[in-house]
Amino acid sequence: MLSYQLNKNLHSVWQKHTRFYIIELCQDLWGNWLLKKTWGSAIKQDFGRSISTVCPDYETGVKLYYKAEKRRLLRGYDILSK
């Protein structure tokens, strides 16, 4: 039986001028950890682009999550929610 660990999910929303960026660390239906990145225009009424990366374990996912978060800071994005 699968065990979901919802309390370990991470989620951040960033914005810079007219661009947005969302980072999520969550589990899929099979219990695998995924790092989901979504980005696009904050002005247009579309969903932007997205990519998901399967992580071998939670710890690797956390490292990738904070690496992406650091990159957003270095590129001048402001965090909207965490």
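Predicted model: local features only at pLDDT ≥ 70, side-chain atom pairs only at ≥ 80, totals over all residues.

Residues are numbered from 1 along each chain as its sequence is written, and side-chain values use heavy atoms, with hydrogens and water left out.

**The whole chain**

The chain holds 1 helix and 5 strands, and reading along the sequence gives β-β-β-β-α-β. Helices here are DSSP runs of H or I with at least four residues, strands are runs of E with at least two, and both are numbered from the N terminus. The C-alpha trace spans about 45 × 25 × 20 Å along its principal axes.

Of the 82 residues, 33% count as buried (under 20% relative accessible area with a 1.4 Å probe, protein chains only; exposed is over 50%, and partly exposed is in between). Among contacts (heavy atoms within 4.5 Å) with a separation of 6 or more, 45% come from residues 24 or more positions apart.

As for charge, there are 14 positive and 7 negative side chains, and the centres of the two sets lie 8 Å apart. Lys and Arg count as positive, Asp and Glu as negative, and His and the chain ends are not counted; each charge is placed at NZ of Lys, CZ of Arg, CG of Asp or CD of Glu.

**The largest pocket**

Which residues line the largest pocket? They are Y21, L35, K37, T53, L64, K67, A68, R71 and R72. A pocket is an open set of points on a 1 Å grid over the protein atoms alone, with protein on both sides within 12 Å along at least five of seven lines, and lining residues have an atom within 4 Å of a point. About 160 Å³ of space lies in this pocket, the volume being the space filled by probe spheres set on the points, which are joined across faces, edges and corners. The helix α1 (58-74) and the strand β3 (33-41) each supply at least two lining residues, and α1 gives the largest share, with 5.

| Residue | Relative accessible area |
|---|---|
| G76 | 42%, partly exposed |
| H17 | 71%, exposed |

G76 is in the loop between α1 and β5 (78-81). Its C-alpha atom is 24 Å from that of T53, 23 residues away along the chain.

H17 sits in the loop between β1 (10-16) and β2 (19-27). Most residues other than glycine have a negative phi. H17 is not a glycine, yet has a positive phi of about 55°.

Note on methods. 1 Å grid on protein atoms, 1.4 Å probe; cavity = no way out; pocket = protein on both sides within 12 Å on 5 of 7 lines; lining within 4 Å.
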